[in-house]
Amino acid sequence: MSAAGFTHRTLTLSGSAIRRIMVEWWHLLHLGASILVLALSPSSYDRAYRNQLAQQIYLNTAPILLGFTVVCALVTVVLTRIVLVTAQSYGLSHYALQVVIRVLVLELIPLTAALFVALRCTIPDGAELTAMHANGQVDADAGYPLAFLRGEVLPRTVAGLFSGLTVAALSSVVVLIVTFIASYGFSLSGLPGYVRLFGQVFSPAVSLIFALKTLLLCLTVALVPMASALFDMSPMRDTRSSTVRTSAEMRGLVRMFVLILLIEIVSLVGNYY
Amino acid sequence: MNLNQPPAPPPIAHLEFKARLLMVFMLLLVCGSVLFVLYARGAFDQTQRLVLMAEDSEGVAVGMDLTFSGFAIGRVHRIELSETGKVRILVDVAAKDAHWLRTSSIFTLVRGVVGSPAIRAYTGVLDDPALPDGAVRTVLQGDVSAEIPKVIASVRELVDNLNTLTAANGTVSASLHNLHTLTERLNGPGGALTVALGSEQDARKVVATLERTQALLTKLDGIAAKTDTQVFGDKGVLPLAHETVVQLNAMLGESRESLKKVDGILRDAQAISGNAKAATADLGALRADVEANLRKIEGLVTEINRKWPFARDTEIQLP
């Protein structure tokens, strides 16, 4: 094979791969938007679907809430001690608590909460949808039936979003309390200064970015696995790309990580530039 | 039944209630967090405005604290540029802490080597009138990092001076050399005397002088012993002097008696002289009478002489 032929073939393959990726992302975006529209539609919360929604919300949130909070508290104690001792050794103890709040509450908690919910709830939920399709419970060739979307997809998506937000909120509160106790002990004398420090960290811009980041991360981990599962059911997907190494869960995970990375980069740019 | 179908989850008692509880819990968490952020940002505090005028706003950020004695009593609300080109730092001071600020309060903006600058308030006289709302004050600025080049230049100068001092031909080296010579002389013959007098010969002279002084003192001791015997002995000068003094005392007593007698004699003489004085006065009058009588007799004699046969020829015969 000549060099020109090799180059031509490589460029053709690259072009087709990029085109396929773009089409996949476009369909994912479309499916995600459709689920969001359904989530914002009051008719999706009729009594017929309410039981399924309540079940998904409870099953996706309650079992992980306590465990994740305890793990967060333990990690917070360790990290706070490390930062405090290190800062004291450099004579910068005044900045230690600010660093702890910024690192833990602003950066780590939303990300870890979203990833934990994804690994524990939404990715298995996506796998369940794929399994339902494999069992023939869903006929995706004729389009997604509204009852399937409202009865199976929407509750899992809303539950994932709800779970992510609840875990992130509770963990942030627990982390703040544990950080205060690890720094000042069981004394309220340092509370005014701590509250003031917290207020200094959470300026309006930082608070807005924190809220948006948490919401977008939770939306990502709630939507992408469902949309990936639905996309893998559809006849539009390229069967050549579906191999053992690129299973539905793996592709959903990669898409989700890409989006999480993008959101994290944008939030970092917004916070520190 | 399909074997791949996942098993249905077991039914959950009071599912809808638990789900509602979770939603209420989440809502409470989110709303509580929002309220806490607002509280921490001071949204619910009563504040009064303080405007600080600064030359430079570098490092000053919205939300940073105004501290008094290390306690945060206010926070920067806004930073703007005034028409005069100076920086207006609008600070919200908590109403409950505003009494710490008085009309005589001083405000500083200090930049440390590490971290953001700090705005501090100092109040020397707490009895002064309270700072009014919207008061405008000039902030005094200090920059620690700006002082670093000056400090480094001074340190460099100091090190140069130290190098000059400690050089091989420097004063410190010369001093150490002198110290070495000094210690050598201290350890040598003569010791400290050689160091004090400058040469060994002089030190020897001092030693010789000391020895002679010691001999002299020995002689003086002998003389003192003899003097003691001669002065304080049984037949010494002092007992004799004592006896002499006793005798002198007796003589003085006798003299005192004699003087008393002389005193009486003098008093008698004084009386006699008083009498003589009176007699002298009487003699004056007597003399005057005698003189008058004599003049009368003289006149009478003169009268008789004029009379015959006693008349004399008073005519003077010229040759």
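Buried residues make up 36% of the 273 residues in chain A, where a residue is buried if 20 or more other C-beta atoms lie within 10 Å of its own, exposed if 12 or fewer, and partly exposed in between, with C-beta atoms placed from the backbone. In chain B, buried residues make up 9% of the 319 residues. This is a predicted model, in which local features need pLDDT of at least 70 and side-chain atom pairs count only at pLDDT 80 or more, while totals for chains, interfaces and linings use all residues. Residues are numbered from 1 along each chain as its sequence is written, and chains are lettered from A and ligands numbered from 1 in the order in which they are written.

Chain A contains 7 helices and 0 strands; helices (H or I, at least four residues) and strands (E, at least two) are DSSP runs, numbered from the N terminus. Its pattern along the sequence is accordingly written α-α-α-α-α-α-α. Of the contacts in chain A with a separation of 6 or more, 88% are accounted for by residues 24 or more positions apart, a contact being a pair of residues whose C-beta atoms, placed from the backbone, lie within 7 Å.

Two helix pairs of chain A may be considered in turn. H3(A) and H5(A) pack at an angle of about 55°, with their axes 10 Å apart; axes are lines fitted to C-alpha atoms, for helices over the stretch in contact, and angles run from 0 to 180 degrees between N-to-C directions. That angle makes H3(A) oblique to H5(A), given that angles under 35 degrees count as roughly parallel, over 145 as roughly antiparallel, 65 to 115 as roughly perpendicular and the rest as oblique. H3(A) passes H5(A) in a right-handed crossing; a crossing is left-handed if the near helix is turned anticlockwise from the far one by less than a right angle, and right-handed if clockwise. H3(A) contributes A:Leu97, A:Gln98, A:Ile101 and A:Arg102 to the contact, and H5(A) contributes A:Tyr194, A:Leu197, A:Phe198 and A:Val201. These residues divide into 6 nonpolar, 1 polar and 1 charged, where Ala, Val, Leu, Ile, Met, Phe, Trp, Tyr, Cys and Pro count as nonpolar, Asp, Glu, Lys and Arg as charged, and the others, Gly among them, as polar.

The second pair joins H3(A) to helix H6 (residues 204-233) of chain A, at an angle of about 15° and with axes 8 Å apart. H3(A) and H6(A) are therefore roughly parallel to each other, and their crossing is right-handed. The contact of H3(A) with H6(A) has 19 nonpolar, 7 polar and 3 charged residues.

Chain B has 6 helices and 7 strands, in the order α-β-β-β-β-β-β-β-α-α-α-α-α along the sequence. B:His14, with phi near 50°, lies in the segment before helix H1 (15-40) of chain B. B:Ser69, with phi of about 55°, lies in the loop between strand S2 (65-68) and strand S3 (71-81) of chain B. B:His14 counts as exposed because it has 10 C-beta neighbours inside 10 Å, and B:Ser69 is exposed, with 10 other C-beta atoms within 10 Å.

Between the chains, 28 residues of chain A are in contact with 24 residues of chain B. Helix H2 (47-89), helix H3 (93-134), helix H4 (146-184) and helix H5 (191-201) of chain A each supply at least two residues of the side that touches chain B. That side comprises 17 nonpolar, 9 polar and 2 charged residues.

How values were computed
Two residues are in contact if their C-beta atoms, placed from the backbone, lie within 7 Å.
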